[in-house]
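I opened my notebook to look at a chain contact, a helix pair and a single helix. My entries follow.

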Amino acid sequence: MWKKLAEKAFRRSIWVYHCNSGACNGCDIEILNVLTPYYDVERFGIRLVGSPRHADAILLSGAVTRPTLPLVKKAYQAVPAPKLVFAVGSCAIGGGCWYDTYNVTGGGEKAIPINYFIPGCPPRPEAIIYGIALALGLVDKKVAPVELKQMEFPVDMYRHRKLLETNNVIYRLLGEEDDRLTFGRREDG
Amino acid sequence: MNKKKELLISLLKNKLGADFLTEEPASPDRLFVDIKKEALRPVVQLLLEQGGRYQVGVGYDARRNGQGFALLHTFAFDRDGLLVAVRTFSPEDNPEFDSITPIVPGAGWSEREYRDLLGLNFKGHPNPKRLVLADDWPDGIYPLRKDVPHDLMPPSAEEVAFRLDQAPAGTSVVPFGPFHSSLHEPAHFSVYVDGEDIKGCEYRGFMTHRGIEKLGQTELTYNDVPFVAERICGICGSVHSTNYAQAVEAAAGLKISRRAEFIRVVMLELERLHSHLLWLGVAGHLIGFDTVFMQAWRIREKIMWLAESLTGNRKTYGMIIIGGVRRNITSEKTEDIRKVMREVEKETMALEKAIVKDKTIHKRTKGVGYLSKEETVKWNLVGPVARARGLDIDVRRDHPYAAYDELEFDVPVTDSGDVWGTLVVRLKEIYEAIKIIRQSLDKLAQLPESEPLALELEGPIPAGKQGLSVVEAPRGEAVHYVLTGEENRPERWRVRAPTYPNLQAVPQMLVNNKLADFPIIVGSIDPCISCTDRVLLVDLREKKARIVSKQQLEKMSRQVRFGR
């Protein structure tokens, strides 16, 4: 579906806005690297722009940290529709190796809807170009679609116990008794 | 034994008497002392008088040992090759220390950081505001304390925006960031301007704080940490992993093989090469000279390919572990490196010729972002930023680590004190790095092939030992402090990136410059915000709250284009 939409919506040059939501610089530099002579994405009409208002797509890099979460949302809203969002690198995909620390909310999906994932730590410039070209319908997917099966785990019990643990810690630290038990671990979705 | 060390010990003992607690036996170029907390300010004063350069403050939760909270301040004596760490303890019920910020302005951030993360109070701090944690983080929860789990996530509050100081009278505010095309990482500068002239600036950063130090102390083991340390920063990853490994090795008293030390040097210098070329390109881009950007990054790309063939990845090499390195540099690889070095040297010379004769670059960089040598010393600046202001410090020469004691190189210093100076220093350092790599390859060839790459550790690393290590990153001196702990992981691991002190002086550099020069002045310190922010988040200011609206964000992003 996305391919068809992209073919319709992005028939000409695609301008991208690079949004760093808390990355280590690795992915950011590879994103800049695709502009330089050896990779030169401008031959596909891809350009980095300074304002989300001018952009067709967002390249999101880095785990979304607690302070950048509202900012990422605002930047996403500022991009005119139709828009594409690419999560570049492990951190933007799932939060990376610090996915559950106190100041990281998780991957890019916690903040904004993501259309394409470009894995790697950091992804090679070729991978970034391939990801964008795939979205634009310039190249074909290299793998056959695989049907994933959900495995059965007693996740609920484990989750419940952890929730209680986390919550108790918070209220003990705050020094107040409270029976609100719905927050703590991040909620799904 | 180091003469300076003996002198300092005797001075401290004389001055403090009963307030001097213990002195830890360590290697001749390190001095760890414990003092009573009342004596902190006099001791800092004494160390400064003796020529110490303030590095960083480290706070940690020592309640498990019944010692309450601990606070360290570390100082470097560059001419004597000595690093000093002064530790004090405060009881659990009243964690209060004397602030040293009035005498060492560069300590301001460290103290504010522990106010956020550990709940320590600093008596007499001139600006005790939130630095690291998010605006909506509730008071009373201190994430670095041992009883707080690493994944504790207090509920977020809606619409709590950061609060900035009121702009001085007669000026208006131009917000730069958090997302700005001249800042490649999220950080917010609110710049006060009078017409075109910058009159002041307030910084609010720590947006990429990912809680790495907490992870290292709770979830990871000694040998996991180097791989996470590499991801503190995508540019100078090896610097952080080497630095951490050295700190642990120093604490545990390990001596790694000479071959491993030379391989570490090669990786560090390759990183310096690609980082300086990267900076050169970005600087060209920031002043609107995109040809320099394209050319510098074209040259740099060869180094990235070389790194990939040496280590398997273009960045975050995963080469360094405690006790050595993971991969060898064989003689075939040596030839590849030499070939790339020849090409890079030749092409950089051509680029240099184009840059130093370019009038536009001279006009955009000379006299811009000037800071005097006295200010530089006062704010403890490090790296090319300090060397461009006449301060002759380089950790590689002053506190040799790895194999730098055997290598010959120059430390380029200029005294122009502006952005041009940093450009010259970095250009010259490119050639020095190439020189060091060539020497290391020669020395590697002479070493026996059979030398082990990594040590086999005999038994666990003892707990409660302190290790302090410095490494000259491309941006300046990076400091790592490790206190070893139980359960095969550090009790405390503190990272101080070079941007940490340098960024604190940026408001000084900006004053009386034109607004259009803002990107290049901030760019001139080569800010690595992800290194600086590794721990926590944002500033909460009193006074009037200003919520960043959508319109404002648009305005900000327009100004980005404007500023270029």
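Predicted model: local features only at pLDDT ≥ 70, side-chain atom pairs only at ≥ 80, totals over all residues.

**Helix pair in chain B.** I looked up how helix H7 (residues 258-286) of chain B packs on H8(B). The angle is about 160°, and the axes are 7 Å apart. H7(B) and H8(B) are therefore roughly antiparallel to each other. I checked the hand as well: H7(B) passes H8(B) in a left-handed crossing. Next I listed the contact. From H7(B) come, among them, Leu270(B), Leu273(B), His274(B) and Leu277(B). H8(B) meets them with residues including Phe293(B), Trp297(B), Arg300(B) and Met304(B). By class, I have 14 nonpolar, four polar and two charged residues in this contact.

**Chain B against chain A.** I then turned to the two chains. I find 53 residues of chain B in contact with 47 residues of chain A. Which elements give two or more residues to the chain B side? They are helix H4 (212-218), helix H8 (290-311) and helix H19 (550-563) of chain B. H19(B) gives the most, with seven residues. The chain B side divides into 28 nonpolar, 11 polar and 14 charged residues.

**One helix in chain A.** Last, I checked burial in helix H5 (residues 125-135) of chain A. Pro125(A), Ile128(A), Ile129(A), Gly131(A), Ile132(A) and Ala135(A) are buried. They cover an arc of only 160° around the axis, which puts them on the same side of H5(A). Just after H5(A), I noted Gly137(A), with a positive phi of about 80°.

Notes: Residues numbered from 1 in each chain as written. Chains lettered and ligands numbered in written order. Contact = placed C-beta atoms within 7 Å. Helix = DSSP H or I, 4+ residues; strand = E, 2+ residues; numbered from the N terminus. Nonpolar A, V, L, I, M, F, W, Y, C, P; charged D, E, K, R; others polar. Axes fitted to C-alpha atoms, helices over the stretch in contact; angles between N-to-C directions. Parallel < 35°, antiparallel > 145°, perpendicular 65-115°, else oblique. Left-handed = near helix turned anticlockwise from the far one by under 90°. Buried ≥ 20, exposed ≤ 12 C-beta atoms within 10 Å, placed from the backbone. Arc of directions from axis to C-beta.
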